[in-house]
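Visitor: I would like to learn how to read the features of a structure one at a time. Please show it to me, and I will ask as we go.

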Amino acid sequence: MPLVLESTLSCPYCGHQRTESMPTDACQWFYECRSCGQLLRPLPGHCCVFCSYGNVPCPPIQQGRDCCATSKNGRP
Ligand SMILES: [Zn+2]
């Protein structure tokens with residue numbers, strides 16, 4: 001399955017939607033809404049803003065790989 005490298009992020013504060021391209025080798029933790037300026041952070045258990053607010057999860061998740069966050073948040 002080809003990777004999707006663009007995701008449409010929906011701001012939970014103002015509902016603004018914007019399509020952003022995703023990096024394939026890193027997770028994006030922060031995203032500033034272009035409309036209201038709120039800084040979006042991943043929801044608990046999510047690795048990046050695309051997994052939390054995008055319509056497409058980030059590339060590592062699409063590939064079925066563990067994302068950087070899973071190893072980072074390896075607390076019991
Ligand atoms: Zn917003």
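Visitor: Where is the place of Ile61?

Guide: Ile61 sits in helix α2, which covers residues 59-62. Helices (H or I, at least four residues) and strands (E, at least two) are DSSP runs, numbered from the N terminus. This is a predicted model, in which local features need pLDDT of at least 70, side-chain atom pairs count only at pLDDT 80 or more, and totals for chains, interfaces and linings use all residues. Residues are numbered from 1 along each chain as its sequence is written, and side-chain values use heavy atoms, with hydrogens and water left out.

Visitor: Is Ile61 buried or exposed, or in between?

Guide: Buried means under 20% relative accessible area and exposed means over 50%, with partly exposed in between (1.4 Å probe, protein chains only). Ile61 has a relative accessible area of 39%, so it is partly exposed.

Visitor: Is Cys11 buried or exposed, and what of Cys14 and Cys33?

Guide: Cys11 has a relative accessible area of 6% and is therefore buried. Cys33, at 4%, is buried as well. Cys14 counts as partly exposed because its relative accessibility is 38%.

Visitor: How many disulfides does the count come to?

Guide: A disulfide is a covalent bond between the sulfur atoms of two cysteines. The rule applied is a pair of cysteine sulfur atoms within 2.5 Å. By this rule the count is 0 disulfides. Cys47 counts as buried, since its relative accessibility is 6%.

Visitor: Which residues touch the most other members of the largest nonpolar core?

Guide: In soluble globular proteins, nonpolar side chains tend to be buried together. A nonpolar core is a set of buried Ala, Val, Leu, Ile, Met, Phe, Trp, Tyr and Cys residues joined through side-chain atoms within 4.5 Å. The largest one has 14 residues, of which Leu40, Cys48, Val49 and Phe50 touch the most other members. Helix α1 (residues 49-53) gives the largest share of this core, 3 residues.

Visitor: What does Leu40 touch, not counting residues up to four places away in sequence?

Guide: Contact means heavy atoms within 4.5 Å. With that exclusion, Leu40 touches Cys11, Pro12, Tyr13, Trp29, Phe30, Tyr31, Val49 and Tyr53.

Visitor: Where is Ser52 found, and what is in contact with it?

Guide: Ser52 belongs to helix α1. Its relative accessibility is 15%, so Ser52 counts as buried. Leaving aside neighbours within four places in sequence, Ser52 is in contact with Pro42, Leu43 and His46.

Visitor: How many salt bridges does a search of the whole structure find?

Guide: Side chains of opposite charge can pair when their charged atoms come close. A salt bridge is a side-chain nitrogen of Lys or Arg within 4 Å of a carboxyl oxygen of Asp or Glu. The search of the whole structure finds 2. Arg18 pairs with Glu20, their closest N and O atoms being 2.8 Å apart. Glu20 also meets Arg34 in a salt bridge, at 4.0 Å from N to O. That pair links distant parts of the chain, 14 residues apart: Glu20 is in strand β2 (residues 17-21), and Arg34 is in the loop between β3 (31-32) and β4 (39-40). Through shared partners, Arg18, Glu20 and Arg34 form one network.
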